[in-house]
Amino acid sequence: MTKIYSARWVVPVTSAPVRDGAVAIEGTRIAGVGALSELAARFPSAEVEELGEAVIMPGFVNCHTHLELTAMRGLLEPEEGDFFSWLRKVTVSRNERMTADDLYAAAAWGACEAARAGVTCVGDASDSGATTMRALRDAGLRGVVFQEAFGPDEREAAAQFDKAREKVERLRGGENALVTLGLSPHSPYTVAPPLLERLARYAKDERLPLMMHAAESEAEQQLMLEGSGPFAEAYARRGFTFNSPRTTPVRHLARTGVLDTRPLLAHCVRVDEGDAQLLQGYGVGVAHCPKSNAKLGHGHAPLALLLSAGVTVGLGSDSVASNNTCDLLEEARFAVLASRAVGERVVDGRMVDAGDALRLLTRGGAAALNLSHLTGALSEGLEADLVAVRLDAAHQTPAYDPAAALVFSSNARDVRLTVVAGREVFREGRVTTLDEADLRARVLDLARRLAGAPTEIGR
């Protein structure tokens with residue numbers, strides 16, 4: 001059975017916008033993209049749904065999330081000025097105060113928020129990969145779940161490697177057509193070089209997607225370049241010394257073999273031109289998280305430098321513990337405005353624009369996750385991952401150009417429809433795959449426990 005969605009605009013991203021356009025879907029795949037009149041003639045027996053004053057475009061790709069932390073939205077505001085304390089509170093809250101059921105409820109609630117926001121695919125870094133994979137399967141979203149691995153003490157490298165490998169092997173059975181598994185050595189400052197080398201080799205040998213946080217904060221930079229700062233001090237208190245590579249995080253990842261895996265690197269705030277050339281040369285993807293970077297005070301990633309160097313860049317919300325929303329349209333707008341605010345120019349001398357932003361939140365994110373053969377554009381033969389965004393609200397009218405209206409006037413609340421592999425997972429205010437009322441109640445109960453006392457949250 002063929003289904004045709006039509007709207008005032010279809011924005012394929014990889015080709016010019018189509019006025020009065022349509023997308024035809026057969027099963028899980030896109031069967032055609034073009035003018036409604038053309039597709040109606042090509043598929044005369046298809047069911048046609050007209051969405052009116054809206055844009056149909058590829059589903060948004062959120063290439064860096066932590067869905068299991070969704071219940072910590074707003075919990076960590078007092079720690080935001082001290083990244084080490086912020087990380088510690090996240091770790092204690094997740095590992096000591098959340099059960100497996102809690103982690104699932106948080107991840108599933110995050111998946112609901114994503115579906116409502118038009119996100120069809122995520123790259124999720126998770127300490128509890130099994131629960132996040134289950135949440136994505138239940139939500140019907142596409143994604144790569146990167147099981148995290150830690151181990152800053154090189155004396156424990158062998159044991160930590162065995163632990164990580166065992167986790168990954170247990171998780172393989174949780175994969176399906178939409179949800180796949182990856183590996184995430186957490187960061188250069190939480191994984192000792194010998195362990196990092198082993199994990200990189202393992203990922204390459206097993207053809208596992210690899211993701212890391214990298215070049216994110218001043219504290220990380222101090223440890224990498226000088227062997228000093230809060231992370232070095234904390235490790236000294238634990239009785240060991242982190243062997244600083246005395247170079248930038250990106251160059252360190254090249255030396256340890258991580259870049260050989262063509263990884264996804266989240267943040268990349270503190271990169272120079274030489275780092276950017278390395279990233280491009282190795283075919284590394286970057287998850288640009290402008291709101292989280294700004295909110296935690298880490299700074300501004302040089303988006304124009306990365307784009308000018310030919311680096312593959314997508315957008316990530318990071319966790320809502322540091323954002324505090326999963327809204328890729330807002331993330332795209334923030335990315336453009338933050339780049340312009342510091343006077344950046346891409347290689348041809350122009351400012352980052354709305355077209356760049358749309359590519360970041362679709363095609364760029366899919367390429368960064370090495371999924372562009374499946375998703376990220378409206379093109380015949382790709383998976384039918386799409387979103388419909390209204391354009392008739394007061395804050396959007398008039399809309400002269402669909403790209404500008406999406407990036408500069410729209411947000412997640414304007415999403416009307418989210419489709420993943422031909423299946424509607426969100427329509428007109430309701431997630432169709434999960435029990436939102438039950439999940440809301442469970443997350444509110446968890447929030448009260450995390451806060452340490454009964455309180456009215458989220459009313």
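Residues are numbered from 1 along each chain as its sequence is written. In this predicted model, local features need pLDDT of at least 70, side-chain atom pairs count only at pLDDT 80 or more, and totals for chains, interfaces and linings use all residues, while side-chain values use heavy atoms, leaving out hydrogens and water.

Student: Is His 66 buried or exposed?

Tutor: Start with the cut-offs: buried is under 20% relative accessible area, exposed is over 50%, and partly exposed is in between, using a 1.4 Å probe and protein chains only. His 66 has 8% relative accessibility, so the label is buried.

Student: Which side chain does His 66 join in a polar contact of 3.5 Å?

Tutor: His 66 is found in the loop between strand E6 (60-65) and helix H2 (83-97); helices (H or I, at least four residues) and strands (E, at least two) are DSSP runs, numbered from the N terminus. A polar contact is a pair of N or O atoms within 3.5 Å; within protein, one must be able to donate a hydrogen and the other to accept it, and residues adjacent in sequence count only if both atoms are side-chain atoms. The partner of His 66 here is Asp 318.

Student: Why does Ala 35 count as buried?

Tutor: Ala 35 lies in strand E3 (residues 29-35). Leaving out residues up to four places away in sequence, Ala 35 touches Val 18, Asp 20, Gly 21 and Ala 22, where contact means heavy atoms within 4.5 Å. Ala 35 counts as buried because its relative accessible area is 19%.

Student: How are H13 and H15 set relative to each other?

Tutor: Axes are lines fitted to C-alpha atoms, for helices over the stretch in contact, and angles run from 0 to 180 degrees between N-to-C directions. Under 35 degrees counts as roughly parallel, over 145 as roughly antiparallel, 65 to 115 as roughly perpendicular and the rest as oblique. The axes of H13 (residues 328-341) and H15 (residues 402-409) come within 7 Å and cross at roughly 90°. So H13 and H15 are roughly perpendicular.
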